[in-house]
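I opened my notebook to look at how the parts of this structure pack together. I wanted domains, cores and contacts on one page.

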Amino acid sequence: MKASRNALYGGLLLLPAAVLLWTFTYQPIVTTFIDSLYSTPRGRRPAAFIGFDQYETMFADPVFWKAMLNNFIYAFATIPLSMAMALAMALLVNSKLRGQAAVRMAYFTPTILPMVAVANIWLFFYAPDYGLVDRVLQLFGLGGQNFLGQPDTALAALIVITIWKEAGFFMIFYLAALQQISPTLMEAASLEGASFWQTLRRVTIPLLMPTTLFISVNAVIGAFRLVDHIVVMTKGAPDNATTLLLFYIYQVGFGYWDTGYAAALTMVLLVILAVIALVQFGYVDKRIHYR
Amino acid sequence: MNADFRSHPVAALTTFAGWFLAVLWVSPLLYAVWTAFHPAAYGARFDLFMPLTLENFVRVWNAAPFARYFLNTFALVTVTLVCQFIVCTMAAYAFVCFPFRGSNVLFMLVLVQLMIMPEVLLVENYRTLSRIGLLDTIVGIAMPYLASAFGIFLFRQTFKSIPKELEEAARLEGANGLQVLVRVFVPIAKPTYIAYGLVTVSYHWNNFLWPLVVTNSVETRPITVGLQVFATIEQGVDWSLITAATLLSVAPLLVAFLLFQRQFVQSFMRAGIR
Amino acid sequence: MLPWKRATITAALAASTLALVGGGACAKTQVTFFYPVQVGGPLTQTIDGYVARFEEANPDIDVVPVYSGNYLDTTTKALTAAKSGTPPTIAVLLATDIFTLIDEDAVQPIDEFFKTAEDKKWVEGFMPAYLASAKVDGHLWAVPYQRSTAVLYWNKKAFAEAGLDPNKYPKTWDEMVAYGKAVTKKDASGRVTRWGVGIPGNVGSAQWLFGALAIQNGAKLMNDAGTETYLTDPKVVEALKFWVDLSKVHGVHPPGIQEWGTTPSDFLEERIAMVWTTTGNLSHLKANAKFEFGMAPYPGKVKPGSVLGGGNFYVFKKAPQAEKEAGFKFVKFMTSDPILADWCIKTGYVAPRDGAWEQPALKEYVAKVPEATVARDQIAISVPEISTHENSRTSKVLNDAIAAALTGTKTPEKALADAQAEIDRILKPYR
């Protein structure tokens, strides 16, 4: 009786989400997989079944491997660094800092400025010789850097932009969580003679764990989907030094019009994201009491 | 820790660090303001005594419908936010209060695609949208995001943490399922809603690639796409115009944030997210 | 609903109302026109003006321009629209996209619309160099409209400072290097404060300007059928080596990749004394430069030469026949001599018809702005930009190879050999 009632109500409540998720996530995943087994139809040539040929092409494609490597560097740099910066900024703003409101506002500005808009501003910051960054470096006798035009600095330059963009946003969540920590807990810690670092490690960070999980999900999502600045600034150049997976998919799908190959690339990205989700929640969720 | 920071001998250092980062973080905005109010010829140099001008803003305002773009983005964010709240709340409520055979499997399916954002599937989603005739509409831009696995997951976690007794008490008072949801669950989950709402607003305020692909006309283009179409660099970057356009399009949000930042931050902090 | 659909309905409604009121007005034919330009730039107003003039002369046709950003975005939009069954009627797209558009079965040869002797005469009026880039398989697929060529701008003040004749621009590669060395300036710490020459090598510019370097060395990058590239030709390799050596050996070019978008600023800030960019930058530079500068044709090794750039008018195959006929009429109007002359004056694009240069307005303009003729006179010695089947993919491969060579990760020989192998693989099905 209860079971069938539950199934009815539960089913009805889930229906809108189920329909939308099916239409825009599961069904496209299935079609993408099927597409990846066919050659790309061209105006005059229909698609032909080719099995796993697209995947073979992909594993032999140096640009694909480059994009994978870049994306992992990008993820492993932007995720921890932007989260650490966010925590540091939240701690700073949470302390009784002079001009706290202004500082907080400053940290939050990247969230208000859309990436496509600031990308052009950063283009100026990174311009060799007269760009802002280079001018500062010139003071130390290190000028003349062409950050976006050299393969060894281009990706790092984009990582800096992403950290700038994300850290300010994540800071707000850490700040809110910090304010929830009861002051008595902190007083107790300092009465016991714990140093700032000890308190941070033993009390603050464990208490922030749920927030950290929340932020980390967003950070991972960002690391695989934030390619706006690549579209505007580098288009993957120089020599694919800044090509990330999603940008490559966009380029293959909407630049080369090779939908079959784009489908195979998409499948790889899908598997990566699904595995990350499972690991993150299969493993981490057990250890954090997510209230 | 507050006290700790203050009494600490490194308080001055803290203040310095805080301000140093603040200047770094706000520098793109400062540069935008500086450049937008100066003639184009000064776009790439710093001279304290160069003439001020409003001409960039006049040119930008006459050149492209930024007010319209702003309205489009506003509509897009509102539609997305409201629908996400409703759809994800319903789903989360079902997972928590009406478990049935197979609902755990369904939840696993939701979890698997927690990080698969619709833009990853943009080739396929474009086709779907074109089939149902929603290309180049604001609803069409929002559509793939309306059911969010992340939202369902978050709300479910929060709902699960709500003591059963509260729900039962409400039931004893004769509340039906909907009333329990609206009177008990949603108010307690308010912090989660605020946090998730902030994520959604920021996401769609900034979203670019997907709207770029699906919009064609001034009536639907959000700010991000409008700015990109405006800032096309076929003939080199004209920073004074681009910064003026950027400032014009973010001005409403910036001003609102400046005016209400105290209220915003405080209510957000009171709520806190767990 | 798509905007032009909506507009069609509005137009239809308006027309039927008119018919009811006035009795006798017939429904207008709607022409959707994708045009790559930043929305609201000064160009859109000019285009809107032409559209108004055309509609006045053709009250039965309604032209709806859709301004859609840069070429890349416009091509993407036009092709996605065509694939989902609602193509624009006509569009200005890159001349180099011709093979892609044909392979996707998106466009129709424009010569299929020619009916009268007058049509024939009109098409013969285009400069042959520009028409060449629109001919494939014995058909003419597009007509030239907003065309440009790549040119050199030089800073006369910097030349004078370096003891050079400020009015003499380099005519050979050796001269360019020599002048470059003369104007390159270093500060006390040995850091270069002014470079001799800058050639943009970012994605999108590299393959274009490399075409110029190749023809200057007497080499071509591809065949006319778009099925072969000649990247391993020793002359092509030598051209890339020269580009690399500008920085590596001669020290006159900034290291790494020169960015297209910042090149005008580099020139205006006097960071680089000679830049390679498009005729389209002239008015921007004129308005903002604080020094005397000149615009010159490119130098040469074997012979001087440049590349053509810009967009052609295409007609989309799947648009309704009546729309296409009306669209063709509009194309003829837009490429008529008086309009092209006006367009040339207002934008700096090169009018691709000799007749346009005979128009009094343009003659008058040339007398005032002699630079305008530099571009025109260079056309005869210019070649089309590299264009093959799967063009976006092959040109990306070439771009990557050039970037690899310029940044020193590969030698020019190796980079071009790798690129040629990759392009051979891509083009195999088309041979």
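**Entry 1: domains of chain C**

I started with the domain assignment of chain C. It gives domain 1 (20-148 + 309-383) and domain 2 (149-308 + 385-430). I kept in mind that this is a predicted model. I looked up the C-alpha centres of the two domains of chain C, and they lie 29 Å apart.

Next I checked where they touch. Domain 1 of chain C puts 24 residues into the contact, and domain 2 of chain C puts in 27 residues. Which element gives the most to the domain 1 side? I found α17(C), with 5 residues. Other elements giving two or more residues there include α4 (98-103) and β7 (142-155) of chain C. I sorted this side by class: 12 nonpolar, 8 polar and 4 charged residues.

**Entry 2: chains A and B**

I turned to the contact between chains A and B. Chain A supplies 90 residues and chain B supplies 85 residues. On the chain B side, helix α2 (residues 11-36) has the largest share, 13 residues. That side holds 59 nonpolar, 20 polar and 6 charged residues.

**Entry 3: cores**

I looked up the largest nonpolar core and noted 180 residues. Ala86(A), Met171(A), Tyr174(A) and Ala91(B) have the most contacts inside it. Helix α7 (residues 151-180) of chain A gives this core its largest share, 19 residues.

I followed Met171(A). Beyond its neighbours within four places in sequence, Met171(A) contacts Ala86(A), Met89(A), Ala90(A) and Tyr107(A). Last, I noted a second, separate core of 126 residues, with Trp243(C) and Ile386(C) among them.

Terms used: Residues numbered from 1 in each chain as written. Chains lettered and ligands numbered in written order. Predicted model: local features only at pLDDT ≥ 70, side-chain atom pairs only at ≥ 80, totals over all residues. Core = buried A, V, L, I, M, F, W, Y, C linked by C-beta atoms within 7 Å. Buried ≥ 20, exposed ≤ 12 C-beta atoms within 10 Å, placed from the backbone. Helix = DSSP H or I, 4+ residues; strand = E, 2+ residues; numbered from the N terminus. Contact = placed C-beta atoms within 7 Å. Nonpolar A, V, L, I, M, F, W, Y, C, P; charged D, E, K, R; others polar. Domains from an automatic or database assignment.
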